[in-house]
Amino acid sequence: MNGWLLAALILVAVIAVIIKRLRGEPLNARDLFAPPVILIAIGVFAVAKAEDLTGSDIAWATAGALLGCALGALRGTTIQLFDRDGVLWQRYTGRTFAVAVISLLGMAGFGLLAVKMGMHEDARPVQLGIGVSFLGEALVVGRRGLASGTPFAPERRRI
């Protein structure tokens with residue numbers, strides 16, 4: 001698949017997730033964890049097929065993934081969780097977007113530093129960065145949801 005087409009599809013999917021969460025949506029495990037798992041899988045596949053990667057590239061990619069996950073976890077602390085109709089819902093807040101902007105700037109700075117230090121561009125796919133960030137968010141939101149005592153929303157039936 002063309003790289004630009006894949007990037008556009010991922011961008012559309014990320015925007016759709018953000019819009020849904022800005023409006024508020026029922027919190028269920030599949031919707032919480034499926035997007036990060038899919039993005040991480042695409043990112044890992046991209047790294048696996050990259051050529052001429054070094055141990056240094058893998059070290060920078062690992063550090064970037066850990067930083068992205070930590071920043072996503074920080075973002076997860078800003079998401080509003082609430083009970084609606086007896087199930088858990090989530091909604092992004094203004095603080096969520098403020099943390100997201102700070103995270104993007106931090107990750108961009110980290111990426112520039114990594115490239116300046118010799119990291120190959122192919123070793124840091126955007127999908128992997130977005131995926132680990134959403135995973136950090138999902139882990140924190142999932143833990144907060146479990147601690148709330150309110151049940152997660154059931155899976156929606158798809159036709």
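**Notebook: a look through the predicted model**

I started with overall size: for 159 residues, a compact globule would have a radius of gyration near 15 Å, and the protein comes out at 17 Å, which agrees.

Next I checked the dimensions along the principal axes, and the C-alpha atoms fill a box of roughly 55 × 35 × 20 Å. For the surface I got about 9,300 Å² of accessible area, with 71% of that belonging to carbon and sulfur atoms. I also looked up burial: 36% of the 159 residues are buried.

Then the fold. I count five helices and three strands, and going along the sequence they run α-β-α-α-β-β-α-α. For contacts with a separation of 6 or more, I find that 81% are between residues 24 or more positions apart.

On to helix H5, residues 126–148. I wanted to know whether its length fits: at 1.5 Å a residue, its 23 residues should span 33 Å, and the end C-alpha atoms are 33 Å apart, so that agrees.

Last stop, a patch on the surface. Leu11, Ile15 and Ile19 make up a nonpolar patch there, and together they have about 270 Å² of accessible area. Is Ile15 buried or partly exposed? Its relative accessible area is 41%, so I put Ile15 down as partly exposed, since that class lies between the 20% and 50% cut-offs.

Conventions:
Residues are numbered from 1 along each chain as its sequence is written. This is a predicted model: local features need pLDDT of at least 70, side-chain atom pairs count only at pLDDT 80 or more; totals for chains, interfaces and linings use all residues. Side-chain values use heavy atoms; hydrogens and water are left out. Helices (H or I, at least four residues) and strands (E, at least two) are DSSP runs, numbered from the N terminus. The expected span of a helix is 1.5 Å times one less than its number of residues. Patches are made of residues with over 30% relative accessible area and no salt bridge: like charges are joined within 9 Å, nonpolar side chains (Val, Leu, Ile, Met, Phe, Trp, Tyr) within 5 Å. Accessible areas come from the Shrake-Rupley method with a 1.4 Å probe; for residues, only the protein chains shown count as cover. A salt bridge is a side-chain nitrogen of Lys or Arg within 4 Å of a carboxyl oxygen of Asp or Glu. Buried means under 20% relative accessible area, exposed over 50%, partly exposed in between (1.4 Å probe, protein chains only). The radius of gyration is taken over C-alpha atoms; the globule rule is 2.2 Å times the number of residues to the power 0.38. Contact means heavy atoms within 4.5 Å.
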